[in-house]
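Thank you all for making the time this morning.

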Amino acid sequence: MPKQIVPLSDVQVKNAKPQEKDSTLFDGGGMYLLIGRKKFDKEGKALPVSKLWRMKYRFAGKEKLLALGIYPAVTLADARQRRDEAKRLLANGIDPGEYKKSQKDARNELAANSFQLVALEWHTKYKATWSQVHAATILDRLEKEVFPYLRSRPVSEIKAPELLVVLRRMESRGALDTAHRVRNHCSNAFRYAIATGKAERDPAADLRGALPPVKYGHMAAPTDPKDVAPLLKAIDGFQGSFVVKCALQLAPLLFVRPGELRHAEWTEIDFEAEEWNIPGEKMKMKQPHLVPLPLQAVAILKALHPITGHSKYVFPCHRSPLRCMSENAVNAGLRRLGFEKAEITGHGFRAMARTILDEVLQVRPDFIEHQLAHAVKDPNGRAYNRTAHLAERRKMMQTWADYLDGLKAGAKVLPFKSKSA
């Protein structure tokens with residue numbers, strides 16, 4: 001007759017003491033508590049005792065052992081429930097040990113296929129095809145707008161309504177354009193997941209039309225010279241960060257794209273040649289770009305160098321010199337000065353320069369377009385190289401800087417010259 005096993009009590013489990021060797025307390029049904037032997041540290045102090053729930057069982061004629069958990073995280077009642085679940089599996093011809101292993105593998109696979117890991121894998125795979133600035137912008141949007149909410153969600157389980165909640169957060173704060181762009185980024189990540197066998201659907205594609213359309217217009221900027229002087233004077237009187245002030249002052253002088261300005265590195269600045277050489281990977285068109293520096297820009301950069309010259313970036317993030325300042329810094333500075341988004345944006349300085357250089361200063365349009373780093377071609381259809389018309393562009397940049405100084409000083413504003421006149 002088999003030996004009767006008296007079930008354990010909570011008090012017995014709690015008060016079980018370690019012995020010189022590992023010991024066991026049986027509860028019945030193959031389950032027992034394995035109590036680790038006594039252990040001491042180098043100073044002779046007793047170390048914590050391990051108490052592990054185990055279950056013996058037979059499957060396919062072989063004796064096996066199943067781990068049920070660690071006490072006290074897994075209580076006596078919890079361990080009994082796990083034992084009973086294992087017995088139900090055995091009754092249905094399933095090995096509980098193999099079932100547990102398959103469940104763990106499935107969880108690990110889901111974790112490895114979390115949205116964040118898949119999106120980062122997609123980003124890493126394709127960032128070589130983007131400009132450095134564009135790649136950084138995509139990653140920044142994902143990290144700020146999506147990962148906090150979908151970080152650990154399995155990419156195969158995310159549904160359209162769940163993603164829409166994330167996009168609506170951006171829409172609610174007025175960042176509708178960002179919401180549309182983030183939806184596109186997520187769609188690309190989901191399509192990558194489908195291609196690599198990690199998902200079957202792209203829920204972002206189901207959200208086409210779920211967000212209101214963005215009404216795109218020209219980047220806000222004053223293009224009438226009489227409106228430019230107050231803006232420039234306000235920038236010179238900026239009371240915030242000196243780094244941001246320098247960026248604000250350089251934005252109208254150099255009229256590069258905002259991303260190109262904030263990602264500027266000191267190694268790209270040649271004070272002797274009075275040039276800023278932007279590598280191709282930072283440019284929208286992926287072609288290196290040369291910006292002649294007028295004397296006013298050189299003076300601003302030399303004043304800034306003692307402050308940020310130790311950093312990689314000309315305009316480092318105030319939290320970490322290892323990153324450049326945020327994409328919103330210039331626009332936030334303009335808002336702080338009292339200029340609304342409808343009046344001026346960081347990108348709007350390009351439209352301002354393009355219009356006034358053409359309509360007021362009568363500079364050749366191809367010189368302007370080339371300095372704007374647009375895709376300019378000569379009469380034979382060949383793209384100009386980075387140094388094309390450099391002497392003319394250098395003269396243009398100095399004329400432009402002097403003209404802006406004149407506006408600030410109250411010089412007589414030249415009227416627009418109609419090209420049709």
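What you see is a predicted model, in which local features need pLDDT of at least 70 and side-chain atom pairs count only at pLDDT 80 or more, while totals for chains, interfaces and linings use all residues. Residues are numbered from 1 along each chain as its sequence is written, and side-chain values use heavy atoms, with hydrogens and water left out.

The secondary structure of the protein comes to 15 helices and seven strands, where helices (H or I, at least four residues) and strands (E, at least two) are DSSP runs numbered from the N terminus. With a radius of gyration of 33 Å, well over the 22 Å that the globule rule gives for 421 residues, the protein is more spread out than a compact globule; the radius is taken over C-alpha atoms, and the rule is 2.2 Å times the number of residues to the power 0.38. Along the principal axes, the C-alpha atoms fill a box of roughly 115 × 55 × 40 Å. Of the 421 residues, 43% count as buried, meaning under 20% relative accessible area with a 1.4 Å probe, protein chains only.

Let me now turn to helix α11, residues 295-308, which has 14 residues and reaches 20 Å from its first C-alpha to its last, close to the 20 Å expected at 1.5 Å a residue; that expected span is 1.5 Å times one less than the number of residues. Its buried residues include Val298, Leu301 and Leu304. Which elements do the buried residues of α11 pack against? They pack against α9 (242-254), β5 (269-270) and α15 (390-408).

Helix α15 has 19 residues and reaches 27 Å, from first C-alpha to last, close to the 27 Å expected. Among its buried residues are Met396, Met397, Trp400 and Leu404. Just after α15, glycine 410 takes a positive phi of about 90°.

Finally, cysteine 186 is found in helix α7, residues 176-195. Is cysteine 186 buried or exposed? Cysteine 186 is buried, with a relative accessible area of 0%. Leaving aside neighbours within four places in sequence, cysteine 186 is in contact (heavy atoms within 4.5 Å) with Phe115, Val146, Leu163 and Ala204.

Technical notes:
Buried < 20%, exposed > 50% of the residue type's maximum accessible area, 1.4 Å probe, protein only.
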